[in-house]
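Notebook open, structure loaded. I want to go through one interface, one residue and one chain, and jot down what I find.

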Amino acid sequence: MTTMMAILIGCLYAAAIYMMLRRSMVKLLIGLILLSNAANLLIFTVAGLERGVPPLIAKGAETVVGGSADPLAQALILTAIVIGFGVLAFAVVLLHRAYEVIRTDDMNEMKGTD
Amino acid sequence: MSRQFNMRSLILSTGTTIILPLLLLFSLFLLLRGHNEPGGGFIGGLVAAAAIALKLFADDYPSAKALLRVHPLQLVGIGLALAALSSLPSLLVGDNFFTAQWWTLPLPIFGELKLSTPLIFDIGVFLGVIGTVLTVIFTLVEAEH
Amino acid sequence: MDMSVLIALPVIIPLIIGALSLVALNNHGVQRILGVLGTAAVLVAAIVLLWQTWLNGIKVLEVGSWPAPFGIVLVSDLLGAIMVLLAAITGFATAVYSLKTVRKRFERFGYYPLLHLLLAGVNGAFLTGDIFNLYVWFEVLLVASFALLIQGGERAQMEGAIKYVTLNLLSSALFLTAIGLLYGLVGSLNMADIAVRLQQVEDPKMVTLVAMLFLIAFSIKAAAFPLFFWLPASYHTPQVAVSAVFAGLLTKVGVYALYRVFTLMFTGEVDFTHQILLWMAVFTMLTGVLGAASQYEVRRILSFHIISQIGYMMLGLALFTPLALIGGVFYIMHHIIVKANLFFVAGMMYRLGGSFELKQLGGLYKKHPGLALLFMIPAFSLAGVPPLSGFFAKFILIKAGVEAQAWWAVAIALFVGLFTLFSMIKIWNEAFWKKAPEPAIEVPAPYRNTALYWTTGLLAAMTVAIGIFAQPIYVLAETAAQQLLEPQRYIEAVLGGAK
């Protein structure tokens, strides 16, 4: 399972970078979305894929019994998703406004500041 | 006016008047149960923001804005202030910065009510999320006009 | 209650002030007052924090009483406290400068709340002792900087912002990836704890691999060669107060992060990692200064010089000797104040001369001798003319380079210093010395510029003071560098509290 996830994550990164290299702004944005998802999946996978119980300590016990999922990695992903959501929402608004001002979707046309 | 949405329908509009209060109530429910069970400020805020976005689609921009009463950015400000201020009560008691404080209020009929600084923080998150999501949506709507 | 809450103040004050200014969205008067008072409060807190850290050593705050390494800790070592103080100075100067320069239109779009949010993010990044928390603060300051960058909505701003946003988001994603891999490797997020556990990792190649990912991510944020393209494309587009705070602080957060991880965590294969840093530093210096030579717009020249200066700071880290780190810390202290000041002066040149283009400027020395003096001090300090702050910063670094026998780096550092002087003299000749071009550009009605003169004058005085009191500042930088070279102290301060 881990191998499959690793391949999937690799494909996601590759697709993201490919999309970011395209000239269209919208595809650039799709690339960014893929990239943040790939990073989240990566954290999810490196923390260990456990098919087990939630990490709750039963009454009276001192530690979790049996295999349990790592809660910290999931907390990280949750935070990263929220941040990614906020940043990407901003990027969407930015691209929309940029399109209204520049009137083009082509990154090659945006050389005014170089 | 509502040309840009092309979805003005009597059914949606009427349905919204019924669903909207329920959605808002549900968002509060999610917010308050969040400490021990699935839910919390973030998810509750998203539901509330979705409710107001529904109003926007069903009716129009001014009515959705009127429903909120304040500018969504002000909501973000209040939320952020609440979340930041919830870190301070711990200092009065002498605990470390941001340590959770709990107060138990006895209520005559319902038993006891537990209040805490995490709850204040969560309310802050709730308002902040509503504000942020609606700022984004309103900005895009204004750009359409 | 002990004094440890002091560490949280530089983060929590801007957050609260920013939130209050958001609530007072339509009341610009309140926002301005809050802006000045809030940044002044942070300044006081930062001074006390540095003083306390100097007296009592590294201070640690376990947020929410969750013990390290499980909870998030805020750590104030000398480097962190110095950075916070510099950020506070820049923030205060910007708030005062903004009173007279920020237009109503921008205030309506939340200029002040964004400024506070930016400062909270910067201070949070300087103080956190948790690698994931560092990522969060990076994102906070990025979002604020995105929004500040596009205020005004002009075409150049949009183009610059798209490049800035794209590359910084790419960097954030790489940073997150690196954190994920590191967590998989050692199973911790607390930086002190990671440092301990990294020594026990069996495969040092994996550690170096992760270190390289961090290097790329932070180099994009620090605008180091070859990942600097977003900076000259965007930094000259927003209003001057924003440019100044970006120029002073944002790339330095990247530099700080490099200093932190490459002194605390990734010191296992110094021969390899710091050699790469050295080459990057050399090329960063060189490309920055050569880029500046071809520009004729004041803010663009200054933007390229940020890049070349980043190279000097990285040089200090790359040589990794005690003297080099002292030089690096000294350089950061000098650079933040001088760079922000130069952008402030550029803004005044625009107001008094009517343009940012050197070809259209002229005769400013005759009309505004005070401004000419205020330009000369930071400009010559940037170039490293004695006895100003930049001279000592460059001198320490070059001495360290000679001691480490990194002759190429020394030669290039000297050459870049010379070229910086050339650039500054170019601005001086064109804008101040030569006769005003005919026909003269229309300058808008005269303003009362007292507040602006005070701000830039204060920062210029600091530059001179760093030069005059170089000895005590050197001792401060020396102690900070010692703490960096002995990560054991940092680790004990963080993890010792848990026992």
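This is a predicted model: local features need pLDDT of at least 70, side-chain atom pairs count only at pLDDT 80 or more; totals for chains, interfaces and linings use all residues.

How many residues does the contact take from chain C, and how many from chain A? I looked it up: 35 residues come from chain C and 35 residues from chain A.

**Entry 1: the C/A interface**

I checked the area next. Chain C and chain A bury about 3000 Å² between them, and carbon and sulfur atoms carry 78% of that. Polar contacts came up with two residue pairs between chain C and chain A, both at pLDDT 80 or more.

Which elements of chain C give two or more residues to the side that touches chain A? I get α6 (131-149), α7 (155-186) and α10 (230-234) of chain C. The biggest giver on that side is α7(C), with 19 residues. I also sorted the side of chain C that touches chain A by class: 21 residues are nonpolar, eight are polar and six are charged.

**Entry 2: C:Ala223**

Next I picked a single residue. C:Ala223 sits in the loop between α9 (204-222) and α10 of chain C. Is C:Ala223 buried or exposed? I have its relative accessible area at 0%, which is under the 20% cut-off, so C:Ala223 counts as buried.

I listed what it touches, skipping neighbours within four places in sequence. C:Ala223 is in contact with C:Phe228, C:Trp230, C:Leu231, C:Thr251, C:Thr284 and C:Ile307. I followed up on one of these: C:Ile307 is 84 residues away from C:Ala223 in sequence, yet their C-alpha atoms are 6.3 Å apart in space.

**Entry 3: chain A by itself**

Then I turned to the partner. Chain A has three helices and zero strands, and reading along the sequence I get α-α-α. What does the C-alpha trace of chain A span along its principal axes? I noted about 65 × 30 × 20 Å.

The radius of gyration of chain A is 20 Å, whereas a compact globule of 114 residues would have one near 13 Å. For burial, 36% of the 114 residues of chain A count as buried.

How values were computed
Residues are numbered from 1 along each chain as its sequence is written. Chains are lettered from A and ligands numbered from 1 in the order in which they are written. Side-chain values use heavy atoms; hydrogens and water are left out. Contact means heavy atoms within 4.5 Å. Buried area is the accessible area (1.4 Å probe) that two parts lose on being put together, summed over both. A polar contact is a pair of N or O atoms within 3.5 Å; within protein, one must be able to donate a hydrogen and the other to accept it, and residues adjacent in sequence count only if both atoms are side-chain atoms. Helices (H or I, at least four residues) and strands (E, at least two) are DSSP runs, numbered from the N terminus. Ala, Val, Leu, Ile, Met, Phe, Trp, Tyr, Cys and Pro count as nonpolar, Asp, Glu, Lys and Arg as charged, and the others, Gly among them, as polar. Buried means under 20% relative accessible area, exposed over 50%, partly exposed in between (1.4 Å probe, protein chains only). The radius of gyration is taken over C-alpha atoms; the globule rule is 2.2 Å times the number of residues to the power 0.38.
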